[in-house]
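Dear colleague,

Please read the notes with the coordinates open.

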Amino acid sequence: MDTRTRQVEEIQPGTPGLLTVYACGPTVYRYAHVGNLRTFLLTDLIRRTAEQSGLRVKLVQNITDVGHLQDDSGIDLGGEDKLLAQARAENKDPFVVARFYEDAFHADLAALNVRPADAYPRASEWIESMIALISRLLEQGNAYEVDGSVYFAAQSFDTYGAISGNRLEDLRAGHGATGESTAEGKRFHADWALWKAAGAQREMTWESPWGYGFPGWHTECSAMSVELLGERIDVHTGGIDLRFPHHEDERAQSDSAVGHEVVKHWVHGEHLLFEGRKMAKSTGNVVLVSDVVQRGYDPLALRLAFLQTRYRQQANLSWAAIEGADRLLARWRGLLAEWAEQPSKPMCAEVSADFQEAFENDLDTPRAVQLLRRLEKAELPDGSKLETFLWTDGYLGLDLAREIGKPRAEVPAGAQALLDERAAARAAKDFDASDRLRDELAAVGVVVKDTKDGQTWSLG
Ligand code: AMP
Ligand code: ZN
């Protein structure tokens with residue numbers, strides 16, 4: 001679903017065979033909560049779907065380690081950088097804090113089987129490109145300087161508001177595009193800072209043609225996306241709250257700088273709620289991957305729980321939902337291990353076509369999960385179910401093959417002989433003996449099941 005055009009649109013890469021994707025990444029001043037991870041998972045699902053259909057994907061995700069001045073409900077922190085505030089609280093160098101949470105972010109992505117991006121540019125290492133971008137916007141008359149700060153002139157960009165539906169004339173003074181007040185010398189209430197004069201701030205400031213200062217948050221994504229992915233980017237992702245002002249401002253900056261539409265499709269993930277309220281640090285209902293693991297759940301249960309709601313709908317997570325997903329995941333892995341003992345058969349073409357269609361039709365993941373629940377119980381050879389499930393895992397990323405080939409629980413003493421005897425009895429069509437042996441096996445805790453491909457067993 002394209003946020004700007006408000007339609008589900010077919011994605012045709014600008015360069016045939018190559019899909020370019022830019023994803024807004026984390027602000028590394030704290031652990032990512034599972035709400036943030038739901039949004040990062042959206043990008044991974046787009047990427048996997050494109051790769052399954054044969055495209056190469058080039059993905060860039062930024063690391064915001066400077067310039068983020070709002071809290072997670074969009075409220076301006078009074079000019080205080082999030083990262084500096086956290087560094088002060090931890091009594092550490094801000095870059096030490098940033099690298100620590102950046103590493104934690106990568107560990108969380110790995111735990112959720114989110115494939116790594118091609119690049120993770122850090123804002124603090126792209127200041128020169130940002131200065132170049134700002135200079136260009138100044139030259140072109142899209143920006144102006146006041147006392148060492150540079151502002152983007154919102155009125156210089158005709159289609160401002162196309163993503164969010166906000167119109168310049170409706171944005172009231174004092175609640176401008178960045179939440180900043182007009183008191184700082186902006187000419188128009190909805191203008192925003194591309195560069196901020198350092199003022200009293202000492203750390204994380206850089207020299208620029210306008211004196212010491214630091215970039216505004218939206219500047220980084222314009223500079224890094226265009227430089228790393230080019231002037232035409234196929235897909236840009238982020239959480240729904242980034243529609244405005246972040247993406248609106250980014251679009252105005254990038255498009256003004258290059259003179260045409262840079263991003264073809266804007267895709268936004270809806271929020272994750274936890275027990276009914278938006279997950280946010282400021283709400284105090286944050287759940288981390290480590291909390292999920294500490295409770296004994298597989299982190300991929302979280303991934304499966306997310307897949308059960310479509311990305312463009314709010315998802316209401318609860319511990320019960322994670323528990324349910326954990327059980328379903330364990331059941332599927334167990335079944336695959338069991339099926340893997342039978343001869344392989346071609347995958348079910350009908351199910352795989354429906355499954356692919358569900359993913360390609362705007363990531364209808366709940367439907368995809370539903371298809372697998374049905375396939376699990378379908379009257380099909382085990383080997384065929386196995387191959388179909390294994391193929392779907394390329395989209396799902398749930399490590400469904402994890403239990404295959406693992407030593408299974410030990411057969412109780414003597415049970416293997418009974419199993420062999422029963423298999424022979426069935427082959428000889430001696431069903432009385434086969435039934436008697438089934439009961440004998442049940443008495444020692446081995447449950448036997450007859451399938452089209454022979455007998456299987458599990459510990460009851
Ligand atoms: P931040 O680290 O605060 O810059 O946020 C990183 C990403 O997480 C952004 O794309 C946000 O839109 C997204 N995000 C923040 N809160 C939530 C939430 N409760 N559910 C889903 N995504 C979120
Ligand atoms: Zn961004």
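This is a predicted model: local features need pLDDT of at least 70, side-chain atom pairs count only at pLDDT 80 or more; totals for chains, interfaces and linings use all residues.

The ligand site

Ligand 1 is surrounded by 20 residues, and the closest of these are N36, T39, D241, L272 and M279. Sorted by class, the residues of this shell comprise 5 nonpolar, 10 polar and 5 charged. An oxygen atom of ligand 1 lies 3.1 Å from an N or O atom in the side chain of R30, while a nitrogen atom of the ligand is 3.1 Å from a polar backbone atom of G35. A nitrogen atom of ligand 1 is also found 2.8 Å from a polar backbone atom of M279. As for burial, ligand 1 taken alone exposes 500 Å², and the protein buries 97% of that. The elements that contribute two or more residues to the shell are α1 and β7, the latter spanning 233–239; of the elements, α1 gives the most, with 4 residues.

Helix packing

Helix α1, which covers residues 34–52, also packs against helix α12, residues 382–396, at an angle of about 130° and with the two axes 8 Å apart. Because of that angle, α1 counts as oblique to α12. On the α1 side the contact is made by L45, R48, T49 and Q52, and on the α12 side by W391, D393, G394 and Y395. By class, this contact of α1 with α12 has 3 nonpolar, 3 polar and 2 charged residues.

A second pair is formed by helix α4 (residues 127–139) and helix α5 (residues 217–229), whose axes come within 9 Å and cross at roughly 100°. Angles of 65 to 115 degrees count as roughly perpendicular, and α4 is therefore roughly perpendicular to α5. The residues that make the contact are S129, M130, L133 and I134 of α4, together with T219, E220, S222, A223 and E227 of α5. The contact of α4 with α5 divides by class into 4 nonpolar, 3 polar and 2 charged residues.

In terms of class, the contact of α2 with α3 has 7 nonpolar residues, 1 polar and 1 charged.

Backbone details

Most residues other than glycine have a negative phi, and most peptide bonds are trans. Against that background, two places deserve a look. The peptide bond from F244 to P245 is cis, with omega near 0°, and P245 itself is found in helix α6, residues 243–258. L363, although not a glycine, has a positive phi of about 50°; this leucine is found in the loop between α10 (349–360) and α11 (365–377).

With best regards

Technical notes. Residues are numbered from 1 along each chain as its sequence is written. Chains are lettered from A and ligands numbered from 1 in the order in which they are written. Side-chain values use heavy atoms; hydrogens and water are left out. Axes are lines fitted to C-alpha atoms, for helices over the stretch in contact, and angles run from 0 to 180 degrees between N-to-C directions. Angles under 35 degrees count as roughly parallel, over 145 as roughly antiparallel, 65 to 115 as roughly perpendicular and the rest as oblique. Contact means heavy atoms within 4.5 Å. Ala, Val, Leu, Ile, Met, Phe, Trp, Tyr, Cys and Pro count as nonpolar, Asp, Glu, Lys and Arg as charged, and the others, Gly among them, as polar. A residue is near a molecule or strand if one of its heavy atoms lies within 4 Å of it. A polar contact is a pair of N or O atoms within 3.5 Å; within protein, one must be able to donate a hydrogen and the other to accept it, and residues adjacent in sequence count only if both atoms are side-chain atoms. Accessible areas come from the Shrake-Rupley method with a 1.4 Å probe; for residues, only the protein chains shown count as cover.
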